[in-house]
Amino acid sequence: SFFGTLIVVGVDADQAVRGLLPGFPDTEAIFLGLGMAATTFPVVAAVYQTYLMREKQWGVENLLDESHESFLGILILGTIATVILLTSAGAIHGVTDPVFSAQGMALQLEPLAGPAAFYLFTIGFFFASLSSMIVNPLIGATLLVDGFGYDASINGRPVKIWTAFALTIGLAVVLIFRESPIEILRVAQAMTVIAFPILGFLVLAIASDSEVMHEYKNSFRTNLLGALGYLTILGIVFNYLRSVINTLH
C-alpha cells in the first residue's frame with residue numbers, strides 16, 4: 001500500500017538523494033534520529049538470532065547461508081522503512097501539521113486508498129502490534145528459560161509456559177489499569193532500554209572471546225563497527241532518559 005501510494009504521489013529524486021546523506025540541522029534532529037534508531041536497531045533480535053540458528057540446526061558450515069539471510073532480511077526491512085519515509089514526505093509533508101495519531105498517519109495512504117485509508121492503516125497497524133505482542137514475550141521466555149538451564153527451544157514446554165505467563169501478565173495489567181496506557185508503555189519501554197546496553201555488551205564480549213568463538217571471533221574491524229553500534233545504543237538510552245526527564249518537568 002505504501003509502495004503504491006509512493007507511485008501515485010511521486011518522488012522528488014533530488015530531495016530523496018540528499019536525504020540519504022546524514023545531516024543534523026539542530027540538536028532535536030539528532031534526538032529524532034536516535035528515536036528512529038531505537039525502533040529499527042533491536043539488540044534483542046540480534047541475540048535471538050542465535051536461538052533461531054540453533055532451531056534450524058545450523059552450524060559453522062552454514063555461516064554463508066546465515067549471512068545471506070541476514071543481509072536479505074536487513075535489505076527488505078530497510079526498503080520498507082525507506083518507502084514509508086518517502087511516502088510520508090510525498091503525501092503529508094507540508095500539507096498538514098505534524099500528526100501523532102492513527103487518523104493522521106493514515107492520511108499518507110489516501111492518494112491510493114481514498115476514504116478507506118484509515119481502515120487499511122489500522123488493520124496493518126493491528127497486525128504489526130500483534131506480531132510484537134507475540135514475539136517479544138517469546139524472546140524473553142527463551143532467554144529466561146535458557147538462563148535457568150532448561151530446554152530453550154520454541155517447541156519446548158518451558159518456553160511455551162513462560163511465554164503464556166508473560167502474555168497473561170500483560171493482559172492483567174490492561175484489564176486492571178483502564179486509564180490511558182501511556183504510563184504503562186513508558187515503564188515497559190524503560191525496561192527494554194535498560195536491557196539494550198547490557199545485551200549489546202554481552203554480544204560484543206562473547207563474539208570477541210577466542211575461547212568461545214575460536215577462529216570465528218570478531219576481527220578488529222568488526223569490533224570497531226560494533227563499538228560504533230554500541231555508542232548508538234548508549235545514545236538511544238540517553239535520548240530516552242532525556243525524554244522522561246523533559247516529561248517530568
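Leaving out neighbours within four places in sequence, Lys217 is in contact with Ala207, Ser208, Asp209 and Ser210, where contact means heavy atoms within 4.5 Å. This is a predicted model, in which local features need pLDDT of at least 70, side-chain atom pairs count only at pLDDT 80 or more, and totals for chains, interfaces and linings use all residues. Residues are numbered from 1 along each chain as its sequence is written, and side-chain values use heavy atoms, with hydrogens and water left out.

Lys217 itself lies in the loop between α11 (210-213) and α12 (220-248); helices here are DSSP runs (H or I, at least four residues), numbered from the N terminus. Lys217 counts as partly exposed because its relative accessibility is 41%; buried means under 20% relative accessible area, exposed over 50%, and partly exposed in between, with a 1.4 Å probe and protein chains only. By way of background, most residues other than glycine have a negative phi. Gln57 is another non-glycine residue with a positive phi of about 60 degrees. Gln57 sits in the loop between α4 and α5 (63-91) and, at 70% relative accessibility, counts as exposed.

I turn now to helix α8. Among the buried residues of α8 are Phe121, Leu138, Ile139 and Thr142. Thr142 has a relative accessible area of 0%, and beyond its neighbours within four places in sequence it is in contact with Tyr48, Tyr51, Ala152 and Val159. Val135, also in helix α8, is partly exposed at 38%. Val135 belongs to a nonpolar surface patch of about 860 Å², whose members include Phe118, Phe126 and Met133.

Tyr48 touches Leu138, Ile139, Thr142 and Ile154, not counting residues up to four places away in sequence.

Finally, how many salt bridges does a search of the whole structure find? The search finds two, a salt bridge being a side-chain nitrogen of Lys or Arg within 4 Å of a carboxyl oxygen of Asp or Glu. One joins Asp14 and Arg18 at 3.3 Å, N to O; both residues lie in helix α2 (residues 13-19), four residues apart, about one turn of the helix. Asp14 is partly exposed at 42%, whereas Arg18 is exposed at 54%. Glu69 forms a salt bridge with Lys56, with the closest N and O atoms 3.2 Å apart. Glu69 lies in helix α5 and Lys56 in the loop between α4 and α5, so this pair ties together parts that are 13 residues apart in sequence.

Note on methods. Helices (H or I, at least four residues) and strands (E, at least two) are DSSP runs, numbered from the N terminus. Patches are made of residues with over 30% relative accessible area and no salt bridge: like charges are joined within 9 Å, nonpolar side chains (Val, Leu, Ile, Met, Phe, Trp, Tyr) within 5 Å. Accessible areas come from the Shrake-Rupley method with a 1.4 Å probe; for residues, only the protein chains shown count as cover.
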